[in-house]
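This report describes the model shown below, from its overall layout to single residues.

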Amino acid sequence: MNWDRIFELARRLQTVKVNKFTIFHWAVASYVFIFGFLKWGVPFISRQITGMPFPLPVPGTLMFFYVVLITVAFYLYITSSEDKVREFIAPIKGFLGGDYGIPVRNAVLVVIPILVGWQVYDIFVPKTSSPVSLRIQHPSSNFPKKMESLKNPYENPDDAAVDAFIEQAKANKVEFIQQVKPDVESWLGKNPGVHTLGFVPSEKMKAFLDALKAGNVGKDVARAALKEKNLFEGRALYAMNCRACHGDSVSGDGPMADGFKLRPINFTDNGTIETIVEGYTFWRVATGGRALPTEATPWDSAMPTWELNLTEEERWKILLAEYDLAQKTPRIPETHEVAGGKAGEKK
Ligand code: HEC
């Protein structure tokens, strides 16, 4: 290392007339100050004013406009007289002439083009971005065909289930799913002497209880009441398990929804659960995003796998509630034996 040269450089740097703060230095200092103020000062002040836990940054485009305006202002000011132009140029001329030392000058002259080149490269280098291809909303290549004709057993309870329900209701021994039991019990504690089913606030249930009291229960009234109970339980389960993503209004706007690139499905949309058969929805809920085939990409689904946490009964009841909340009906499965070939191919 050539110390003599380094000392010489330091000595020369010292002799540079720092005390002579020219227009050039003012311009650079002002740039740095204004940029720093916009970038860090404004967000800081905004935070003090609004008292909110996050700053309000100056948008990038606005920042760009400010910098352009400052440049124009300096240009106008400096070119307003010959003297100012000369004063502005003097340090640059001095620098190029080697006032600050030849090595410093050469280093700067190498570094600046490299920085500019790097910046340009960075702007133009192709980046990985999401493919534009549309996602297949209902990929079905690995959907087990045998599930296609599944029907929700809680939608239209069969006679045996209805009879059992009537018997239980007569004895006031109707059981709710375990998730809502604590609520039912606490409600019964506050309303002693009422029928357990009174917990379900619905007209159809009320009609059933009235018929029960009068001693002439029709099967249809009982079936409707049983469906109301199933729906009620389904709604409770939906609120506990699905609401966070799919939302109160089942339109895919739950409190967690914004966190996913592939948003939770909006069930009220005509293109979602209405266009698929119940068996498919049931399968989707059971297996979640994990079971989706590659045609469901480019974005991976955050939909959890529910067969591990919810029983079949719970999942069917949720689906009942889901379709009901969305005011949709599932697509009717097509029969496989259609004259001339196979039908029931889903897209
Ligand atoms: C962690 C967030 C999250 C939770 C919780 C969640 N889902 Fe999803 N769900 C999603 C996302 C994201 C999608 C969209 C991507 C996809 O199709 O898999 C989706 C899609 C679906 C679909 C597919 C609809 C269609 O038209 O193909 C159904 C059905 C569904 N969810 C039902 C449910 C049910 C029922 C529950 C509760 C048991 C639930 N989800 C809970 C995130 C969630």
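## Domains and overall layout

The centres of domain 1 and domain 2, taken over C-alpha atoms, are 66 Å apart. Domain 1 covers 3-124 and domain 2 covers 145-342, with bounds that come from an automatic or database domain assignment. This is a predicted model, in which local features need pLDDT of at least 70, side-chain atom pairs count only at pLDDT 80 or more, and totals for chains, interfaces and linings use all residues. Residues are numbered from 1 along each chain as its sequence is written.

The protein has twelve helices and two strands; these are DSSP runs numbered from the N terminus, with helices being H or I of at least four residues and strands E of at least two. Along the sequence the pattern is α-α-α-α-α-α-α-α-α-α-α-α-β-β. The radius of gyration is 37 Å, well over the 20 Å that the globule rule gives for 347 residues, so the protein is more spread out than a compact globule. That radius is taken over C-alpha atoms, and the globule rule is 2.2 Å times the number of residues to the power 0.38. Along the principal axes, the C-alpha atoms fill a box of roughly 110 × 60 × 45 Å.

## Burial and the nonpolar core

Of the 347 residues, 19% count as buried. A residue is buried if 20 or more other C-beta atoms lie within 10 Å of its own, exposed if 12 or fewer, and partly exposed in between, with C-beta atoms placed from the backbone.

The largest nonpolar core has 40 residues, of which Ala222, Leu319 and Leu320 touch the most other members. Such a core is a set of buried Ala, Val, Leu, Ile, Met, Phe, Trp, Tyr and Cys residues joined through C-beta atoms within 7 Å. Helices H6 (159-170), H8 (203-214), H9 (219-241), H11 and H12 each supply at least two of its residues. Leaving aside neighbours within four places in sequence, Leu320 is in contact (C-beta atoms, placed from the backbone, within 7 Å) with Asn152, Tyr154, Glu155, Asn230, Leu231 and Gly234.

Leu237 lies in helix H9 and counts as buried, with 24 C-beta neighbours inside 10 Å. Beyond its neighbours within four places in sequence, Leu237 is in contact with Gln179, Glu314, Lys317 and Ile318.

## Helix H11

Eight of the ten residues of H11 are buried, so this helix is largely enclosed by the rest of the structure. Among them are Tyr280, Phe282 and Trp283. The buried residues of H11 pack against H12. Just after H11, Gly288 takes a positive phi of about 65 degrees.

## Ligand surroundings

Around the ligand are 25 residues, of which Cys242, Cys245, Thr272, Ser301 and Met303 come nearest; a residue counts as near if its C-beta atom, placed from the backbone, lies within 6 Å. At least two residues of this shell come from each of H10 (243-246), H11 (278-287) and H12 (312-326).

By class, the shell has 15 nonpolar, eight polar and two charged residues. Ala, Val, Leu, Ile, Met, Phe, Trp, Tyr, Cys and Pro count as nonpolar, Asp, Glu, Lys and Arg as charged, and the others, Gly among them, as polar.

Most residues other than glycine have a negative phi. Val250 has a positive phi of about 50 degrees although it is not a glycine, and lies in the loop between H10 and H11. Val250 is buried, with 27 other C-beta atoms within 10 Å.

Gln327, also not a glycine, has a positive phi of about 55 degrees. Gln327 is found in the loop between H12 and strand E1 (337-338) and is exposed, with 10 other C-beta atoms within 10 Å.

Terms used
Contact = placed C-beta atoms within 7 Å.
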